[in-house]
Amino acid sequence: MKTKIVRITTVPISLNLLLKGQLRFMGDNGFDVVGVSSPGEELAEVRDREGIRIAAIKMSRKITPFADFKSLLQLFFFLKNERPYIVHTHTPKAGIIGMIAAKLAGVPIRLHTVAGMPLMEATGIKRKILDLVEKLTYDAATGVYPNSKGLYDFIIQNHYTSKEKLNVICNGSSNGIDTSFFSRENLDEDELVKLKTSLMINEHDFVFVFIGRLVSDKGINELVSAFVQLNKPHVKLLLVGSLESDLDPLDKEIQVEIDNNPSIITVGFQRDVRPYFAISNVLVFPSYREGFPNVVMQAGSLGLPSIVSNINGCNEIIIEGQNGTIIPLKNADVVLEAMIRFVDDVNFYNNLKSKARKMITDRYEQKVVWNSLLTEYNRLLQKKGLKHV
């Protein structure tokens, strides 16, 4: 009989994209994998692609005590019935609900991956609540896995848990990156030309790209403000991602600029971001907080250098002056300075570009991360005296 493991995320897109391929890999290596997330069409996609069972339990990304208690009860009864050896959670809400439910249900191995913390930008009573949630999550877990060295340090500095519970898998990242998939060799050059034409990007345009949610916490206000000041001919800004105005709206003047500036191109959320990287020159990612950002690894794997803010994850993937440049956060002036250098200094740009892909393939190839996590699962099972087939 296979060892049962339940992997939980708050929303289906996280289960679908953040853990793509990993769930099937664990199933192929002796685990009976069950995926749990809020209801959504993407759960069926996960089931079919990964070859696992799935279950829908509604969880809110917001602070909703009554709804959260209902989710906790549903997950508790689900886990009591399933009786897994391991529960492994990702994302904050799934973490607190999943770890408490798993502890109450008597699950022996309870693991939580930390990949970015909304509380880093919170203040006042909200910060106190989120600090408490983090501590309760870690208390209920038997192991906590920050997906970057910076997050590891942040957890220790804030006394959320002891060092004994903490471990960073491999070089960081929750899932690594499939560098064969994120490669220009898999893209049709004719289709890329058509895409550029449809977006009115000319052959000699220099394109800065941002991929992610278009929200304040991602540094979009600073990015757009810097781009407007850049004001150079044949330079474009490509924004790939969805607005989340209800959770973290942009400044009104920035939204107006995005809507009306002909040199700013928006394409909304895209399931396959590879073509948008491929028609661009540099990733600009001035985020305020991250865990271990996939988008920076993806850009590098497709040969793009990056401008990133000096936060955990970003400042581990990017090494200053080798595959990108690292800037202070929340500062439009330094974003502008970095963008000017990439446009004006051709040798600087070409040098970074030449090293970008190799610095990802050498450190973050996906199966290296998967095998490291598999080794950790087996170590924990052996330590508990549990048999894994």
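This is a predicted model: local features need pLDDT of at least 70, side-chain atom pairs count only at pLDDT 80 or more; totals for chains, interfaces and linings use all residues.
Student: Is the crossing of α9 and α14 left-handed or right-handed?

Tutor: Handedness describes the sense in which α9 passes α14. For this pair, the crossing is right-handed.

Student: Which residues of α14 make the contact with α9?

Tutor: From the side of α9, the contact is made by Glu-222, Leu-223, Ser-225, Ala-226, Phe-227, Gln-229 and Leu-230. By class, the contact has nine nonpolar, two polar and two charged residues. The residues that α14 brings to it are Ala-332, Asp-333, Val-335, Leu-336, Met-339 and Ile-340.

Student: At what angle do the axes of helices α4 and α5 cross?

Tutor: Two packed helices are described by the angle between their axes and the distance between the axes. Helix α4 covers residues 65-82 and helix α5 covers residues 92-104, and their axes come within 8 Å. That crossing makes α4 oblique to α5, and its handedness is right-handed. The angle is roughly 45°.

Student: How many residues of the contact of α4 with α5 are nonpolar?

Tutor: Helix α4 contributes Asp-68, Ser-71, Leu-72, Leu-75, Phe-76 and Leu-79. Helix α5 contributes Lys-93, Ile-97, Gly-98, Ile-100, Ala-101, Ala-102 and Leu-104. Two residues of this contact are polar and two are charged, while the number of nonpolar residues is nine.

Student: Is Tyr-276 buried or exposed?

Tutor: Tyr-276 is found in helix α11 (residues 274-278). Its relative accessibility is 10%, and the class of buried residues lies under 20%. Tyr-276 therefore counts as buried.

Student: Which residue has a side chain joined to that of Tyr-276 by a polar contact of 3.3 Å?

Tutor: Leaving aside neighbours within four places in sequence, Tyr-276 is in contact with Leu-195, Leu-199, Val-209, Leu-238, Val-240, Val-267 and Gln-270. Among these residues, the side-chain partner in the polar contact of 3.3 Å is Gln-270.

Student: What is the relative accessibility of Cys-170?

Tutor: Cys-170 lies in the loop between α7 (149-157) and α8 (189-198). Although Cys-170 is not a glycine, its phi is positive, at about 55°. Cys-170 counts as partly exposed because its relative accessibility is 27%.

Student: Is His-234 buried or exposed?

Tutor: His-234 is placed in the loop between α9 and β8 (235-240). Its phi is near 65°, a positive value in a residue other than glycine. The relative accessibility of His-234 is 51%, and the cut-off for this class is over 50%. His-234 therefore counts as exposed.

Student: How far does the backbone oxygen of Glu-290 lie from a polar atom of the side chain of Asn-312?

Tutor: Asn-312 is in the loop between β11 (306-309) and α13 (314-317), and at 11% relative accessibility it counts as buried. Not counting residues up to four places away in sequence, Asn-312 touches Met-120, Ser-148, Gly-150, Leu-151, Glu-290 and Gly-291. With the side chain of Ser-148, the side chain of Asn-312 makes a polar contact of 3.5 Å. From the backbone oxygen of Glu-290 to a polar atom of the Asn-312 side chain, the distance is 2.5 Å.

Notes:
Residues are numbered from 1 along each chain as its sequence is written. Side-chain values use heavy atoms; hydrogens and water are left out. Axes are lines fitted to C-alpha atoms, for helices over the stretch in contact, and angles run from 0 to 180 degrees between N-to-C directions. Helices (H or I, at least four residues) and strands (E, at least two) are DSSP runs, numbered from the N terminus. Angles under 35 degrees count as roughly parallel, over 145 as roughly antiparallel, 65 to 115 as roughly perpendicular and the rest as oblique. A crossing is left-handed if the near helix is turned anticlockwise from the far one by less than a right angle, and right-handed if clockwise. Contact means heavy atoms within 4.5 Å. Ala, Val, Leu, Ile, Met, Phe, Trp, Tyr, Cys and Pro count as nonpolar, Asp, Glu, Lys and Arg as charged, and the others, Gly among them, as polar. Buried means under 20% relative accessible area, exposed over 50%, partly exposed in between (1.4 Å probe, protein chains only). A polar contact is a pair of N or O atoms within 3.5 Å; within protein, one must be able to donate a hydrogen and the other to accept it, and residues adjacent in sequence count only if both atoms are side-chain atoms.
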